[in-house]
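Please read it alongside the sequence and the structure.

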Amino acid sequence: MRRAQIVGTGSAVPGKVLTNFQLEKIVDTSDEWIRVRTGIRRRHIAEEGTTSATLAADAARKAMDDAGITPQEVDLILVATVTPDMAFPSTACLVQEMIGAINASAMDMSVGCSGFIYGLATADSFIFSSKYENILVIGVEILSRITDWTDRNTCVLFGDGAGAVVVRANNNGNKGIISTYTKSDGSLGKLLMLPGGGSKHPTSYQTVAQKMHYIKMQGHDLFKPAILSMVEATSYILEKSGLTSRDIDLLIPHQANIRIVEAVAKKLRVPMEKVYVNLDEYGNTSAASIPIALDEARRKGLIKTGDLVMMVAFGAGLTWGSVLVRF
Ligand code: UT7
C-alpha cells in the first residue's frame with residue numbers, strides 16, 4: 001500500500017530565552033502562577049531580523065538533510081502558520097525561494113495550533129493520490145510579534161519556533177501515516193482570534209489603538225474543549241485503526257498547557273512516560289509545537305523503527321485533529 005512516510009525532521013528555535021522571572025518584571029505575574037497553571041518555565045523569542053520564513057527555512061533545510069533529499073526534489077511546501085511574514089506572498093513561497101526548491105508548489109495553511117496536523121493530513125492525501133512524491137510540511141510561528149506584552153492572560157503563554165518534516169511516498173511496507181482526522185467548529189472561533197488587519201477591520205489608527213493586532217484569547221473557556229477534542233481525535237483514529245491506547249508508543253500532543261496534556265493522557269489511559277512534553281522550555285508555539293517536539297523526540301532516540309506515534313492538536317478556528325504514524 002502506498003503510504004506517506006516521514007523520512008526527515010528538523011527544527012529551528014531562536015536562541016534568545018525569556019524566563020518566567022523576566023516576565024515578573026513586565027506584567028503582574030509570578031513564576032509560580034505560570035508554572036503551576038501552565039507548566040511553562042521559559043519560551044524562546046525571535047531576534048529582530050528573524051521572520052517566520054527564515055525560521056521555517058532553517059527547519060526545512062535540516063529536515064531535507066535528515067531525509068537526504070535536495071531542494072529540487074521537493075514537490076510541495078506546506079507552511080502552517082498564523083504569523084506569516086506578510087499577508088501575501090505566502091510564507092511558503094518565501095521559504096521556497098530561500099531554500100531553492102525551484103520545482104515545488106507552495107502554500108500556507110491558517111489553522112492555528114492544529115496547522116501542522118492539517119498539513120500532515122493534506123500531505124498524506126496528495127501522496128496517497130500519487131500527485132506528489134516529496135512534500136515539506138512546516139509549522140512555524142513568531143507569536144511574540146502578535147502578543148500584547150501588557151496582557152498577563154496571554155503574554156506568559158506563547159513562544160517562537162519552527163519544525164519541519166519531509167513526507168515521502170513509500171510504495172512498499174507499512175511505515176508511514178496510518179490515519180488522519182481533522183475537524184473544525186467555527187461557531188467557537190471568537191474564543192481565540194486576532195481581529196485586526198484583515199478585511200473586516202483593516203489596519204487603522206483605531207485598530208492599533210484598540211490593540212486589535214494582538215492575540216485575544218478566552219483561555220478559560222478553551223480549556224475543556226481542548227481536552228475533549230484531543231481525546232475525541234485520538235480515540236477516533238485508534239478505533240478506526242483497530243488499535244487501543246496501549247498500542248501507542250509515543251503521544252505527542254500540542255503543547256499549550258501541562259494540565260491539558262495530563263488530562264488528555266489520563267482520559268486516554270496513556271501513562272505520562274509515553275507522552276512527550278517540552279512546553280516547559282518553549283511555551284505554546286502554536287503550529288510549531290508538534291513538529292519541534294517530534295524532531296526533539298527523534299533526536300533523543302525516543303522513536304524507534306516500528307513505533308506507533310500519535311500526534312494530536314487543538315487550536316484557533318476552532319480546529320482539532322490527529323495523525324497516527326508508524327515509524
Ligand atoms: O493553543 C491552543 C488554544 N489555547 C489553549 O488551549 C489555552 C487553554 N487555556 C489554558 O491553558 C488556561 O485556561 C490558561 C493558562 C490560559 C489560564 O489558566 P486558568 O486556570 O484557566 O486561569 P483563569 O483564566 O481562570 O484565571 C485565574 C486567575 C484570574 O484571577 P481571578 O479572576 O481569579 O482573580 C486571572 O486574572 O488567574 C489570573 N491570571 C493570572 N495571574 C497571574 C491570569 N493570568 C495570570 C498571570 N499571572 N499570568
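The text below covers the domains, their contact, the ligand surroundings and some backbone details.

The model is predicted, so local features need pLDDT of at least 70 and side-chain atom pairs count only at pLDDT 80 or more, while totals for chains, interfaces and linings use all residues. Residues are numbered from 1 along each chain as its sequence is written, and side-chain values use heavy atoms, with hydrogens and water left out.

**Domains and their contact**

The chain is divided into domain 1 (3-174) and domain 2 (177-326), with bounds that come from an automatic or database domain assignment. Taken over C-alpha atoms, the centres of the two domains are 13 Å apart. Domain 1 gives 51 residues to the contact and domain 2 gives 48 residues, where contact means heavy atoms within 4.5 Å.

About 4000 Å² is buried between domain 1 and domain 2, and carbon and sulfur atoms give 60% of that area. Buried area here is the accessible area (1.4 Å probe) that two parts lose on being put together, summed over both. Within domain 1, the residues that lose the most area to domain 2 are Cys113, Ile117 and Tyr118, which together make up 17% of what that side buries.

Between the two domains there are 27 residue pairs in polar contact, both residues at pLDDT 80 or more. A polar contact is a pair of N or O atoms within 3.5 Å; within protein, one must be able to donate a hydrogen and the other to accept it, and residues adjacent in sequence count only if both atoms are side-chain atoms. Elements that give two or more residues to the side of domain 1 touching domain 2 include helix H2 (31-38), helix H5 (115-128) and strand S7 (160-170). Helices (H or I, at least four residues) and strands (E, at least two) are DSSP runs, numbered from the N terminus.

**Salt bridges**

The structure holds nine salt bridges, and three salt bridges are counted between domain 1 and domain 2. The term means a side-chain nitrogen of Lys or Arg within 4 Å of a carboxyl oxygen of Asp or Glu. Glutamate 133 pairs with arginine 2, with the closest N and O atoms 2.9 Å apart. This pair links distant parts of the chain, 131 residues apart: glutamate 133 is in the loop between H5 and S6, and arginine 2 is in the segment before S1.

Lysine 211 forms a salt bridge with aspartate 148, the closest N and O atoms being 3.6 Å apart. Lysine 211 is in the loop between helix H7 (205-209) and strand S10 (216-217), and has a positive phi of about 55° although it is not a glycine.

**Ligand**

The ligand is surrounded by 23 residues, and the closest are Thr29, Arg37, Asn257, Arg259 and Asn284; a residue is near if one of its heavy atoms lies within 4 Å.

| Residue and atom | Ligand atom | Distance |
|---|---|---|
| Arginine 152, polar backbone atom | nitrogen | 2.9 Å |
| Arginine 259, side-chain N or O atom | oxygen | 2.8 Å |
| Asparagine 284, polar side-chain atom | oxygen | 2.7 Å |

**Cis peptide bonds**

The bond from phenylalanine 88 to proline 89 is cis, with omega near 0°. A cis peptide bond also joins glycine 317 and leucine 318, with omega about -5°.
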